[in-house]
Amino acid sequence: MNAIFNGQLIPKDEITISPDDRGYHFGDGLYEVVRVYDQQMFMFSEHFDRLKVGAEKIHLTLPFEKHELQEQFQQLIQKNHVSEGEIYFQISRGIVSPRQHLIPNSKKTTPIYLAYTIPIERPVAMQKNGIRATVIEDTRWLHCDIKSLSLIGNILSLDEAARKGFDDAILQRDGKITEASASNVWFVVDDILYTHPDGNLVLPGITKMQILKLARANGLKVCETPFSVTQLDKITECFISNSIYEIVPVISIDGKQIADGQCGAITKKLQTLYIDSIRTSH
Ligand SMILES: *Cc1c(COP(=O)(O)O)cnc(C)c1O
């Protein structure tokens, strides 16, 4: 299996990362997951743009241009013969020895980045049957818009949900639903689609961006406002979205079944529109 390591194509198991890397010390870096369908990247440009914004927010200068990374990713897909899968990418601020908290002058460090592929199939069973979620407190930091390497908050929330016997955590901060442990979350009430607006409390999902576009283009009413926990008893549908799940229905929250416990009509409609949009993007 090949990987990209600082722009070079090398076998993945030949990648070595120094213990002095700031990604290892501090989680000082960013990541992206780009979906590959039929050997082609889906929405690469949007992923890159988000990476660029995140890099600016953490004062990291990307050591490549968009087209360069795109070419490297394409090379990787070809070499690894990825038909259906994902590209996992991460970049860290690089090496400073000895360990120091202060962000070093960018001239004194070189960011380190890598990318590799993971073959995956569309999770059709989950997309059809849905998942069971629990609402727990969002204890993450206040820069959730940054796709940071440090995912401790997300991991702990998923762990708490799993320990309680649920598939995922839906997070709430001050009584408003933000997102799920690794995806954006959506609700339907009175045929209106609700999701949290972008901002510092949620990750601006690329899948979310696409769903918003498709929903609006197809005449669905969309409301980007924070959804209150107290409104949960009114919902008729709920689903989560990210590049790997695409659109996965949530069929119950804290043991309370949503509507008839099946994937709802609007969720199903969006799933179809989403798949169609992948096909037409090729
Ligand atoms: C990456 C991520 C998302 C959205 O993912 P996309 O693949 O861009 O749609 C949502 N929430 C969290 C916490 C994430 O890490």
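Start with the lining of the largest cavity: its residues divide into seven nonpolar, one polar and one charged (Ala, Val, Leu, Ile, Met, Phe, Trp, Tyr, Cys and Pro count as nonpolar, Asp, Glu, Lys and Arg as charged, and the others, Gly among them, as polar). The model is predicted: local features need pLDDT of at least 70, side-chain atom pairs count only at pLDDT 80 or more, and totals for chains, interfaces and linings use all residues. Residues are numbered from 1 along each chain as its sequence is written, and side-chain values use heavy atoms, with hydrogens and water left out.

Select Glu32, Val34, Phe44, His47, Phe48, Leu51, Leu69, Phe73 and Phe89, which line the largest cavity. On a 1 Å grid over the protein atoms alone, a cavity is a set of points where a 1.4 Å probe fits but cannot get out, and lining residues have an atom within 4 Å of a point. The space inside is about 40 Å³, where a volume is the space filled by probe spheres set on the points, joined across faces, edges and corners.

Next, colour β3 (29–37), α2 (44–57) and α3 (66–79), each of which supplies at least two lining residues. Helices (H or I, at least four residues) and strands (E, at least two) are DSSP runs, numbered from the N terminus. The most comes from α2, with four residues.

Now move to helix α6 (residues 206–217) and helix α7 (residues 265–281), which pack at an angle of about 105° with their axes 10 Å apart. Axes are lines fitted to C-alpha atoms, for helices over the stretch in contact, and angles run from 0 to 180 degrees between N-to-C directions. Therefore α6 is roughly perpendicular to α7 (65 to 115 degrees). To see the contact (heavy atoms within 4.5 Å), select Thr207, Gln210, Ile211, Leu214 and Ala215 of α6 with Leu270, Leu273, Tyr274 and Ser277 of α7.

Key: 1 Å grid on protein atoms, 1.4 Å probe; cavity = no way out; pocket = protein on both sides within 12 Å on 5 of 7 lines; lining within 4 Å. Parallel < 35°, antiparallel > 145°, perpendicular 65-115°, else oblique.
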